[in-house]
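Here is a short tour for anyone meeting this structure for the first time. Have a look at the picture, then read on.

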Amino acid sequence: MVATTTQPAERERLLRFDGAERALHWANAVLFLTVMSTAAILYVGPLSAAVGRRELIRQIHVWCGIALPVPVLVTLAGRWGKGFRADVSRLNRWTKDDTRWFRSLGRDPYVQLGKFHPGQKLNASFIAGVIVVMLATGSVMNWFHYFPVDWRTGATFVHDWIAVILFVVVVGHIGMAFADPEALGSMVRGWVDARWARDRAPRWYEEETGSHGQADILAGHDDAGD
Amino acid sequence: MAEAKAPDTSATKGTPVGRRVFLGMVGLGAAGVVFGSKAQDWLEHVLAPITARDGTGLSTFLPVGRFRIYSVTGDLPSKSVADYRLKVGGHVDQPLELTFADLQAMPPTNLDKDFQCVTGWRVHNVKWTGVRLGDLLTKAGMRPGAGGVEFHSFDGEYTESLTLEQALRPDVIVAYSMEGKTVSSEHGGPVRMYVAPMYGYKSCKWLDGINVVAGRPQPGYWEERGYDVDGWVGKSNGRDDNPTS
């Protein structure tokens, strides 16, 4: 028998997102797509006319908007949120490498990134801000008679501009996910190929394996989640 | 796991940029709510040269100078141009039932004026074409003692009204065209009121009835819910917008 072995590291997997994080991501995705599509129907004249049923669409928009913070809060609150809470810390903190990556627009070859790259970090912070700001401004718009007239105008102004930016960001997010099937796959099944981690997220790879990419990776993670 | 996991340093090291972005957005959002009504006019001026030269049409999605669509019935009523009828009746000698073509056959009035909503948004230089309400009333022949005009919408819910003096102004029209096209369903088409000097709620959408009354007319839908009956732009509802006409 020929002595070549397939390198064990090639087939190893690292758990990138546990079950709770995946559930959170997809609950968020469904809610966001619902508020964004109902927003489009309410905002774009020809769509409004084609769909009609304005009050129903408005109700769906408002209630899904109110529900938006729920998955995040539920995931943050419990024992099951350990992985998510750790990732929130990772998303919050920018290392020197992150700054360099950002300044070079990802072109600096010496940058050693962690589990998330700066674009993902910005996306996460932006989405967190969006949930809070849209909930607040949407509430002023929905229950306007409790607020000064000018606030209604101001809330509409903020709500609309953030919505336009959000559309661009979400389209970008989905586009990038499809451009990197391994990353997208990890949001479905939880794990990534260790080689992907070594290439794309070397600092995280070190954290997880205690190695710099030479030693074997122990298959110590169960991808079934917590 | 045999090998000890390296201490998770990424969570504690580094600058908390994420938190700053988040708090920055919350701060900007709050400032935008309080000052947004002032900021939006400024922004419109800044963006006007860009949106005017935009060939892609994408700028029409930007929230500047846009109509917002309101309906009190939870739906957008629609009626084809062919099926459309406008009834003019009440305190008149000659009740009318007009088709869309009948309206088009009358002398047209073009107005190029701002549309100001009582909720704060304003669309600059909207081009309307229609028939002067005064011409219609003359055609129907008002009886002595006529004091006001009530409008009825085919959404089945909305009503509006004007005093006779207001109704006879030359900048009050029954509009069938907006920006060179038949008024679309979401804008209250095929025929709606356009009362240029007043807030948008005075311009009844989906108009299908004009009723002349003796004495004072009934206040409209929103007036029964607290809006001013005489909805002059800048001089009512506690607002100080620039006049539109």
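## Chain A at a glance

In this predicted model, chain A has 226 residues, and 47% of them are buried. Its secondary structure comes to twelve helices and two strands.

## Where the two chains meet

Chain A gives 44 residues to the contact with chain B, and chain B gives 48 residues. Together they bury an area of about 4,100 Å², with carbon and sulfur atoms giving 64% of that area. Between the two chains, 13 residue pairs are in polar contact, counting pairs with both residues at pLDDT 80 or more. On the side of chain A that touches chain B, the elements giving two or more residues are α3 (45-51), α4 (54-67), α6 (82-92), α8 (118-142), α9 (149-179) and α12 (202-209). The largest share comes from α9(A), with 14 residues. Sorted by class, this side of chain A has 21 nonpolar, 13 polar and ten charged residues.

Which residues form the salt bridge across the interface? The rule finds one salt bridge there, and the partners are B:Arg68 and A:Asp160, whose closest N and O atoms are 2.4 Å apart. A:Asp160 sits in helix α9 of chain A, while B:Arg68 sits in the loop between α1 (17-52) and β1 (85-90) of chain B, so this pair joins two chains. Both ends are tucked away from the surface: A:Asp160 is buried at a relative accessible area of 7%, and B:Arg68 counts as buried at 16%.

In soluble globular proteins, nonpolar side chains tend to be buried together. Here the largest nonpolar core has 56 residues, and the ones with the most contacts inside it are B:Leu86, B:Leu133, B:Leu207 and B:Ile210. Strand β7 (residues 172-178) of chain B gives the largest share of this core, six residues. Another core lies apart from it, with 28 residues that include A:Ile127, A:Phe157, B:Met25 and B:Val33.

What surrounds B:Leu86? Setting aside neighbours within four places in sequence, B:Leu86 is in contact with B:Leu96, B:Glu97, B:Leu98, B:Leu103, B:Leu136, B:Val174, B:Leu207, B:Asp208, B:Gly209 and B:Ile210.

## Salt bridges and a side-chain contact

Over all chains, the structure holds 17 salt bridges. One of them pairs B:Lys202 with B:Glu160, with 3.1 Å between the closest N and O atoms. This pair links distant parts of the chain: B:Lys202 is in the loop between β9 and β10 of chain B, and B:Glu160 is in strand β6 (residues 159-163) of chain B, 42 residues apart. B:Lys202 and B:Glu160 are both buried.

Another salt bridge brings together the side chains of B:Arg169 and B:Asp171, at 2.8 Å from N to O. B:Arg169 is partly exposed, with a relative accessible area of 27%, whereas B:Asp171 counts as buried at 7%. In chain A, A:Asp87, A:Arg90, A:Lys115 and A:Glu207 are joined into one network by salt bridges that share partners. The side chain of A:Thr209 reaches the backbone oxygen of A:Tyr205 at 2.6 Å.

## Backbone features to look for

Most residues other than glycine have a negative phi, and most peptide bonds are trans.

A cis peptide bond, with omega about 10°, joins B:Gly189 and B:Pro190. B:Pro190 lies in the loop between β8 (181-182) and β9 (192-195) of chain B.

Is A:Leu105 buried or exposed? A:Leu105 has a positive phi, near 50°, and lies in the loop between α7 (96-103) and α8 of chain A. A:Leu105 is exposed, with a relative accessible area of 63%. B:Asn237 also has a positive phi, near 55°, and is found in the segment after β10 (207-214) of chain B. B:Asn237, however, is buried, at 16% relative accessible area.

Definitions and conventions:
Residues numbered from 1 in each chain as written. Chains lettered and ligands numbered in written order. Predicted model: local features only at pLDDT ≥ 70, side-chain atom pairs only at ≥ 80, totals over all residues. Heavy atoms only, no water. Contact = heavy atoms within 4.5 Å. Buried area = accessible area lost by both parts, 1.4 Å probe. Salt bridge = Lys/Arg side-chain N within 4 Å of Asp/Glu carboxyl O. Polar contact = N/O pair within 3.5 Å; in protein donor to acceptor, adjacent residues only side chain to side chain. Helix = DSSP H or I, 4+ residues; strand = E, 2+ residues; numbered from the N terminus. Nonpolar A, V, L, I, M, F, W, Y, C, P; charged D, E, K, R; others polar. Core = buried A, V, L, I, M, F, W, Y, C linked by side-chain atoms within 4.5 Å. Buried < 20%, exposed > 50% of the residue type's maximum accessible area, 1.4 Å probe, protein only.
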